[in-house]
Amino acid sequence: MIKNIFFLLGGYWITVKLTLFALAGGISLGILVGLGRISKKKWVYYPVTFYVNLIRNIPLILVIFWFYFVMPIIVGRPLDPFPSAVISFIIFEATYFGEILRAGFQSVSKGQIEAGYSTGLTYIQTTRYILIPIAIRRMLPSMITQSIVTYQDTCLAFVIGLHEFVRRTTIVDNIEVRSIQLFGFVAILFLITCYISSVVSRRFEVKRERGY
Amino acid sequence: MIEIRDLSKWYGDLQVLDNINEEIKQGQTVVVCGPSGSGKSTLLRCINGLEPFQEGEVIVDGVSVSDPSTNLYKLRTEIGMVFQRFELYAHMTALQNITLAPMKVRKKSKKEAEAKAMELLRRVGIPEKAHEYPANLSGGQQQRVAIARSLAMEPKIMMFDEPTSALDPEMIKEVLDVMIDLSKGGMTMIVVTHEMGFAREVADEIIFMDEGRIIERGTDISFFKNPKNPRTKNFLDKILL
């Protein structure tokens, strides 16, 4: 019993790690995707738009599958499920965060950017100190919602044999046959953690209404 | 300080600047007026390279703006710009708005930049607003912070693009007073405005633009008393009331 709990919590830790990596990578790449989507340079805009439209029209589970089975052919050796899952999640989530941030970038007045340029800031400085911080603040509620979705979606990594939380619960259930309690435990843990995040998200929304 | 020679600019087929010639000497204040869409803002934006142009030449402090080898970022540190809608960075306090460029571009220390920023805030009359966000400031206060932000780079030239057009009447004066002080202090200034009181008080030259051309120019008195062009007369009748 105790052993099983550690086994399950170990799975939960993998889920958490996968979520953190997916978010860190997804948001970082998402910033670049968002910038690409507002770029006036055609050679930037079109490839990025193609990537976003491609990935957003494929179910996540297929992206995970596709990446896991195609990469060995390209790299020449099979990837471990965990890095493979992390990379597929980053590729997938970056398109969603990218679109959220694109909306954020477009909400920043052109004048604020020009004000930056007029004081001698470069493109990179203007983007780093003005465009990105304002966009992220404005889009924080949507970004937190998307982060919660990512966290829940990590379960799908079981399809490539990753022993995350839900997958491990299934294994324990096969031995113990106590589905209701086990999956109830999983559901409650997800419920609590997601609820806490959405409360935090709402507080940011209130702060935003106060206006900056 | 600024030399504009045969400057022309098109947006597609639409010509927005038509053969502009102008010279602005150090310490002069030049007021640009004219109906909306006459190319006033575009002219300012060509001077600091925010907009490219197709023909002619703009030389600022000996540097050609359109020369591909010109470092526009460096040039812009010499030219402050104040916008109609203030354009303060919404996520930063007044103080942070002012210190950003001196710290990132001039590589000043935070302490040094903040000391300078406080001095400028005192100069524009609102040191007590240093830690307020733009959303908590009135239009007039925001515009004064915006002026301080430009001055923090210690520019040689200040450009104002209708700085009081978005302000309530009671706030216009507080902004104009700051600008008058600057002009009298010897700053080289180009001001797009319809505040003729301001023009009367400090302008060394007034330019009237229409359809991308300078159609009238003069030192203060002559301009108001006997405009040569009927368009100018018509326009002045409207704004002077």
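What share of the 212 residues in chain A is made up of buried residues? Before I answer, please keep in mind that this is a predicted model, and that every value I quote was computed from it. The share is 45%, where a residue counts as buried if its relative accessible area is under 20%.

Let me stay with chain A for a moment, and describe its overall build. Its secondary structure comes to 8 helices and 0 strands, so that, if you write the elements down from the N terminus on, you get α-α-α-α-α-α-α-α. Taken along the principal axes, the C-alpha atoms of chain A fill a box of roughly 65 × 50 × 25 Å. If we take the contacts in chain A with a separation of 6 or more, 76% of them are accounted for by residues 24 or more positions apart. As for the surface, chain A exposes about 11,400 Å², and carbon and sulfur atoms supply 69% of that area.

Now please find helix H5 of chain A, residues 110-118. Why can we call this helix largely enclosed by the rest of the structure? Because 8 of its 9 residues are buried, and these are Gly111(A), Gln112(A), Ile113(A), Glu114(A), Ala115(A), Gly116(A), Tyr117(A) and Ser118(A). The cover over these buried residues includes helix H6 (123-153) of chain A, and from chain B it includes helix H1 (40-47), H2, S6 and helix H5 (139-151). After H5(A) comes Gly120(A), which has a positive phi, near 100°.

That cover from chain B brings me to the interface itself. The contact takes 23 residues from chain A and 24 residues from chain B, and the area buried between the two chains is about 1,900 Å², with 63% of it given by carbon and sulfur atoms. On the chain B side, Tyr73(B), Tyr89(B) and His91(B) supply 30% of the area which that chain buries against chain A, more than any other three residues.

Which side chains meet in a salt bridge here? They are those of Arg45(B) and Glu114(A), at 2.7 Å from N to O, and the count between the chains is 1 salt bridge. You will remember Glu114(A) as one of the buried residues of H5(A).

Ser183(B) lies in helix H6, residues 169-184 of chain B, and it counts as buried because its relative accessibility is 9%. Leaving aside residues up to four places away in sequence, Ser183(B) touches Thr29(B), Met189(B) and Val202(B). Gly218(B), for its part, is found in strand S10, residues 213-218 of chain B, and is buried with a relative accessible area of 11%. If you select Gly218(B) together with Lys111(B), you will find them 107 residues apart in sequence and 45 Å apart in space, C-alpha to C-alpha.

Key. Residues numbered from 1 in each chain as written. Chains lettered and ligands numbered in written order. Predicted model: local features only at pLDDT ≥ 70, side-chain atom pairs only at ≥ 80, totals over all residues. Heavy atoms only, no water. Contact = heavy atoms within 4.5 Å. Buried area = accessible area lost by both parts, 1.4 Å probe. Salt bridge = Lys/Arg side-chain N within 4 Å of Asp/Glu carboxyl O. Helix = DSSP H or I, 4+ residues; strand = E, 2+ residues; numbered from the N terminus. Buried < 20%, exposed > 50% of the residue type's maximum accessible area, 1.4 Å probe, protein only. Areas by Shrake-Rupley, 256 points an atom, 1.4 Å probe, with all protein chains shown as cover.
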